[in-house]
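Visitor: I would like to learn how to read the features of a model such as this one. Please take them in turn.

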Amino acid sequence: MSLLLAATAIGVAIGGVVAVSAREPRVVLLGMTIALVGAPFVADPLPGPLPLAARLVAASLASYLLWIGSRAEAPVGRGSTVGWPVEALAAAAGFVVGWGTIGLGAPALGPAASAAAGFALATLTVLPIVFARDLVRLGHGLILLLLASSLIRVSLGGTPVALEELVMSGVVVGMSAVVAFLAVQAAELSGSTDGPRRRPISAAGAGVDLPAG
Amino acid sequence: MSVLFFLVVSLGFGAASLMTRRYSASSFAIGLVGLLAAAAAALLITPGDSLDLADSTIVGSAFQRTFLALACTSSLLLCLLSMTGGWHPDLAGASLVALGAGGAALALGDPVPAITATIAAGLFGVIVTVSFPATTRAVNIGGRELRAVAIAGVLGLLAAAWVDRPLGPLAAEPVVLGLSYLAIAMGVAIRFGAVPFHVWAARVSDAAPELALPLLMAWGPAFFAVVGLAWLNTALVPLAPAPLALPMERALVVGVATVTLLLGGFAAWIQEDIEHVVAYSIVQDAAFVILAFAALDGASWAPALTWIVVFALAKSAFAAWALAVRRRFGTRRLRELRGWARRTPLLALALVVIAVATIGWPGVASYESRMALIRLTSEGPFRWVLIVGAIGAVIYYARLLAVGIGSPGAAALNARDDRPRWPAGVERRLRDPSAVEPARGPAERPKPVRGRPTGADAQPRGTPASPWSPWLDRARRWLEWARETGEPLLRDLAVWSRRSGVTIATGARTLPRVIVPAIELNQSFIAAALVLALSLMALVGALGGWGTASLSAEGPRVSTAIDAAR
């Protein structure tokens, strides 16, 4: 069971790395979906069938909403400014730190795998949240941060009760809806989710900022 | 069960309103009906009424009933006011969803899902921030707001998750308690836009419509503050009894509150745009909520609850006042508003009431609650600094009034006054009973002077036309149809009434031709009356009405769902 848990936690972390590193919207969405679907399974014992189903439905709905937000005139995003290897290493470091500090000083009621996945996701969200000017990337970072906090909470307090899972499902869907709303508005306004400046698409498909002035 | 009914009503109507936002008038109408129904449902909440739901419990409380009923009523009045201009089609729906999520947060017994629900309460305000029609700047500001809401919520969530479990020897570790305490207190400071976290709030005040400010900066964060304070009092205070514990952390929180109090007041004083004055006054008054966290003492609970109710009501009224003034005079610049109070005594009275409700005087609930919070968190000369900051709010209210009673400028001269008006035909009939021609169509509007639009007609660039007109047109058609259909009946009724000596029924024939134009003509007067109603709601709260006095008497052990569930 712990091997499976660890594998799921690694999968969630990889999903996060893909989500914050990729430039192609569909690949970003794939990473977000992996993280959203995998997160509720990183718990021991697993949540009951009803809360688990609620989280999965919420993950599907959230992914669909994010897809709506990113498909409008889908401009290629900026992706990670430091590249995917750096993001992956940072996530790995966070994973190890989370695994090693399980319980944060007191006996933990949940598995170490959820702490590891939570810390990995939290590490990954720093750059998108602090430095992102791209609304979609910022939104993805905030959703991952919410997932990270829920995973750390599972590691500290054990598997949440059904109502908490339902509330978390609602918040994940709500945040995805708001991110999608902002992304659609931004795309309609400027044809870009990166603020007022238009970015020409290079031959490789990567977004390049226009020079100032 | 009563709580669940409120949640179903508010979240159901809110979701329906937001999902039909493509049809803006219908969406807004659904939202208005929903707010009315939610206010009624909130009044039906029974304190102590619990319901087991999904392995947990939701519980009703007196504070929840009062707070939600006032929030729904206030939002309803704001939405009605928005129909006179500066409206936002998503305001009603977003308010409903936010209040529903906030209601759930107050009802949940477990702090972690309660804090999670407060994140949802803040999320939908972002939709309102992105003004209609959206601009690039507003969308970017919406992103900033989303970031503030999410980060504040995650801070609170992690703090609660860390401490809300068997801690063992860690319970005596001041670092753990200090970090948890700072996380929840700073989360609340971020949500309220306290200095130095005020940048997002300042941007929001630029982008969001005036009427959205109470939802974004007062009601939404207030849910988070109440849940956070309840958790602090039940989880941390027993572990760290004041004043011995966490002196550095508490000093930091007091410092944030003090800086917010002084700089917020100063910023509100020097602003030229009245919407910015409203925004910074909200930031300033939120400092007392942060002071409640600084106290780290169960005694802060009662005054904090009282102040939160008064604060949210007063700031709703202040935002409504700002919209009504901008709508009436066609500008938000203070230097262009000279003489506004001479033109509209109703709005001047409303501003005085708002100032009185906010500042209060010794013996009044709003004043005493703030002084209690100051006493709990300060001593010596520093206490006087906080007291001066608390009373200093009078400066910007006085400035607004001073500008208002000055010699009227062009905007004041061109705006219409507060007097209610009759449609032209009715007015002619009132003056000359022999005149028989009734009013047809909308009544005459005052013509602009010197090329400026009159206040009620002034429409800022980018703001859609008020939804009032299409609805009034429909209402006029319906009333005309009803009149034509019921004409024979009315004629018979009139004949019967003349024969029987009852003459009231004859007046009914003219009503359709009077009511609609009268409403259309008196939008400014109606707006001023709504602002006055909101400010009076705040005053009643400040005087200890709305049950705020009894809420204070309940104490922290029985007045929250969190305690009740435990």
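Visitor: How many helices and strands does chain B have?

Guide: Helices (H or I, at least four residues) and strands (E, at least two) are DSSP runs, numbered from the N terminus. Chain B has 26 helices and 2 strands. The model is predicted: local features need pLDDT of at least 70 and side-chain atom pairs pLDDT 80 or more, while totals for chains, interfaces and linings use all residues. Residues are numbered from 1 along each chain as its sequence is written, with chains lettered from A and ligands numbered from 1 in the order written.

Visitor: What share of chain B is buried?

Guide: A residue is buried if 20 or more other C-beta atoms, placed from the backbone, lie within 10 Å of its own, exposed if 12 or fewer, and partly exposed in between. In chain B, 57% of the 566 residues are buried.

Visitor: Which residues have the most contacts inside the largest nonpolar core?

Guide: Such a core is a set of buried Ala, Val, Leu, Ile, Met, Phe, Trp, Tyr and Cys residues joined through C-beta atoms within 7 Å. Here the largest one has 271 residues, and those with the most contacts inside it are Leu121(A), Ile290(B), Ala320(B), Trp321(B) and Val531(B). Helix α13 (residues 301-329) of chain B gives the largest share, 22 residues.

Visitor: What does Val531(B) touch?

Guide: Contact means C-beta atoms, placed from the backbone, within 7 Å. Leaving out residues up to four places away in sequence, Val531(B) touches Leu81(B), Ala317(B), Ala320(B), Trp321(B), Ala324(B), Leu347(B) and Ala350(B).

Visitor: How many residues of chain B are in contact with chain A?

Guide: 35 residues of chain B meet 37 of chain A. The largest share of chain B's side, 13 residues, comes from α7(B).

Technical notes
Contact = placed C-beta atoms within 7 Å.
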